[in-house]
Amino acid sequence: MESPAKKKIFSAIQPSGEFTIGNYFGALKNWVGLQDNYECVYCIADLHSITMPQEPEALRKRSFDCLAMLLAAGIDPAKSLVFFQSHVSEHSELAWLLNCFSYMGELSRMTQYKDKSARLAGDTVSVGLFGYPVLMAADILLYDTDIVPVGEDQRQHLELCRDIATRFNQRFGQTFVVPEGLYGESGARIMSLLEPTSKMSKSDPAAGAYVLLADSEDVVINKFKRAVTDSGSEIVHSPQDKPGISNLLEIYSCATGKTIKESEAEFAAAGYGTFKTAVGEAVASVLAPIQERYARLSADKGYLDKLVSECAQKAAKTAANTLARASDKIGLAPKAK
């Protein structure tokens with residue numbers, strides 16, 4: 001008896017710079033864990049990156065750095081597809097088709113578009129930024145995706161993807177799988193070490209607010225030693241009353257695999273200084289093997305080139321079938337074989 005087919009997961013990440021432990025504990029660690037139970041498609045969304053100004057050489061370097069870090073973190077090419085979005089032309093082609101079934105009003109209501117465009121001069125807001133969610137919908141729909149792990153900041157975009165797919169299906173018959181979101185299970189929400197009510201971000205002007213996956217052991221421990229704590233001396237998880245300590249407990253739990261309750265019990269008699277050092281040491285021990293693998297992988301450009309080429313070819317086979325199906329339903333002339 002054949003075992004049931006695994007459900008398909010799609011997720012993408014922009015090569016926007018160095019990864020923080022927020023990226024790792026919030027997403028990458030979960031991506032690694034999903035590989036055994038799902039058919040996973042992981043995309044480095046370089047086309048999405050260019051919706052905002054980029055330096056060409058820096059973007060190229062970050063794209064390969066991102067690939068090396070995904071592999072170092074545990075993404076296994078034998079289990080998952082991992083490729084550059086720009087290497088599979090069907091992403092752009094399907095995005096154009098979906099643009100014709102998306103509405104200006106719904107795109108103009110996207111919160112991320114409004115936030116990002118507000119930071120730019122009116123005449124420099126690109127059409128690409130406006131249409132970003134349609135390309136995201138194409139990314140997902142190309143692979144007959146069942147599940148999309150998504151944070152709250154992308155919930156609105158996924159709902160739009162579902163609306164576009166449903167609209168297309170209702171007009172032309174069943175064409176796209178309408179994906180479900182995996183909410184609240186995509187990883188921990190890691191906050192700033194200096195402003196624990198704000199999400200950790202590498203764009204924070206204070207370097208001590210975030211920990212990079214590339215930070216050395218000494219740097220990691222020193223950043224945690226300087227982390228903001230709260231009044232009192234108890235090490236308990238209470239996000240409202242003790243946001244600093246609660247954030248450190250979350251990070252320690254992610255790094256060690258212990259529950260929050262177990263972590264609280266471990267440090268019940270400890271002071272803040274001892275606790276912060278222990279959190280830093282636990283994080284550093286997680287990062288060390290990742291850094292070792294990253295150094296080896298990033299130095300092997302031939303391997304990375306070969307891998308992205310092979311994975312893009314595999315991805316394109318599925319993507320081409322989906323694009324052909326959608327094109328046929330619309331009434332476009334078939335391509336010669």
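Is Ser-216 buried, exposed or partly exposed, and at what relative accessibility? Ser-216 counts as partly exposed because its relative accessibility is 35%, where buried means under 20% relative accessible area, exposed over 50%, and partly exposed in between (1.4 Å probe, protein chains only). The model is predicted, so local features need pLDDT of at least 70 and side-chain atom pairs count only at pLDDT 80 or more, while totals for chains, interfaces and linings use all residues. Residues are numbered from 1 along each chain as its sequence is written, and side-chain values use heavy atoms, with hydrogens and water left out.

Ser-216 sits in the loop between strand S5 (180–182) and helix H9 (217–225); helices (H or I, at least four residues) and strands (E, at least two) are DSSP runs, numbered from the N terminus. Its C-alpha atom is separated by 39 Å from that of Gly-131, 85 residues apart along the chain.

Asp-139 belongs to helix H7 (residues 127–141). This residue counts as buried because its relative accessibility is 2%. Its side chain makes polar contacts with the side chains of His-48, at 2.8 Å, and Gln-85, at 3.0 Å; such a contact is a pair of N or O atoms within 3.5 Å, and within protein one must be able to donate a hydrogen and the other to accept it, residues adjacent in sequence counting only if both atoms are side-chain atoms. Leaving aside residues up to four places away in sequence, Asp-139 touches Phe-10, His-48, Gln-85 and His-91, contact meaning heavy atoms within 4.5 Å.
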